[in-house]
Amino acid sequence: LAYVRLTDFWERMDTALGAHYAHSWAHDYVVAGLSGRTVEQALADGVDTKFVWRAVHHELGLAPSVR
């Protein structure tokens, strides 16, 4: 997969969870695939957005078509 820009990442999050809930979820929800970090923590730690999106995608059980 190509590099996922941060703006693209947040657009995907908004689509998956809704614009209002996505940022709250990213702040509060600990994702196992991110070594027990939240999305915000992983991004702040410099984890590639593509990797973060894949972890979110898996955690939410999203359809392959939105990968």
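Rings of Phe, Tyr and Trp (for Trp, the six-membered ring) count as a pair if their centres lie within 6.5 Å; planes under 30 degrees apart are called stacked, over 60 edge-to-face, and the rest tilted.

1. **What you are looking at.** This is a predicted model, in which local features need pLDDT of at least 70 and side-chain atom pairs count only at pLDDT 80 or more, while totals for chains, interfaces and linings use all residues. Residues are numbered from 1 along each chain as its sequence is written, and side-chain values use heavy atoms, with hydrogens and water left out.

2. **The fold in outline.** The protein chain has 4 helices and 2 strands; helices (H or I, at least four residues) and strands (E, at least two) are DSSP runs, numbered from the N terminus. Reading from the N terminus, the order is α-α-β-β-α-α.

3. **Overall dimensions.** The radius of gyration of the protein chain is 11 Å, which agrees with the value near 11 Å for a compact globule of 67 residues. This radius is taken over C-alpha atoms, and the globule rule is 2.2 Å times the number of residues to the power 0.38. Along the principal axes, the C-alpha atoms fill a box of roughly 25 × 25 × 20 Å.

4. Of the 67 residues in the protein chain, 30% are buried. Here buried means under 20% relative accessible area, exposed over 50%, and partly exposed in between (1.4 Å probe, protein chains only). The chain exposes about 4100 Å², and carbon and sulfur atoms supply 54% of that area; accessible areas come from the Shrake-Rupley method with a 1.4 Å probe, and for residues only the protein chains shown count as cover.

5. **Contacts along the chain.** Contact means heavy atoms within 4.5 Å. Among contacts in the protein chain with a separation of 6 or more, 41% are between residues 24 or more positions apart.

6. **The aromatic pairs.** The structure holds 3 aromatic pairs. In one of them, the ring centres of Phe9 and Trp53 are 6.2 Å apart and the planes meet at 85°, so this pair is edge-to-face. It links distant parts of the chain, with Phe9 in helix 1 (residues 6-17) and Trp53 in helix 4 (residues 49-60), 44 residues apart. Phe9 is buried at a relative accessible area of 0%, and Trp53 is buried at 2%. Trp25 and Tyr29 form a stacked pair, 4.7 Å centre to centre with 15° between the planes. Trp25 is buried at 5% relative accessible area, whereas Tyr29 is partly exposed at 34%.

7. **A cluster to look for.** Phe9, Trp10 and Trp53 form one aromatic cluster. Trp10 lies in helix 1 and is buried, with a relative accessible area of 17%. Leaving out residues up to four places away in sequence, Trp10 touches Ala22, His23, Ala26, Val39 and Leu43. Trp10 and Ala26 are 16 residues apart in sequence, and their C-alpha atoms are 9.9 Å apart in space.

8. **A strand residue.** Thr38 sits in strand 2 (residues 37-38) and is buried, at 5% relative accessible area. Beyond residues up to four places away in sequence, Thr38 touches Ala26, His27, Asp28, Tyr29 and Val30. Ala26 is also one of the residues that Trp10 touches.
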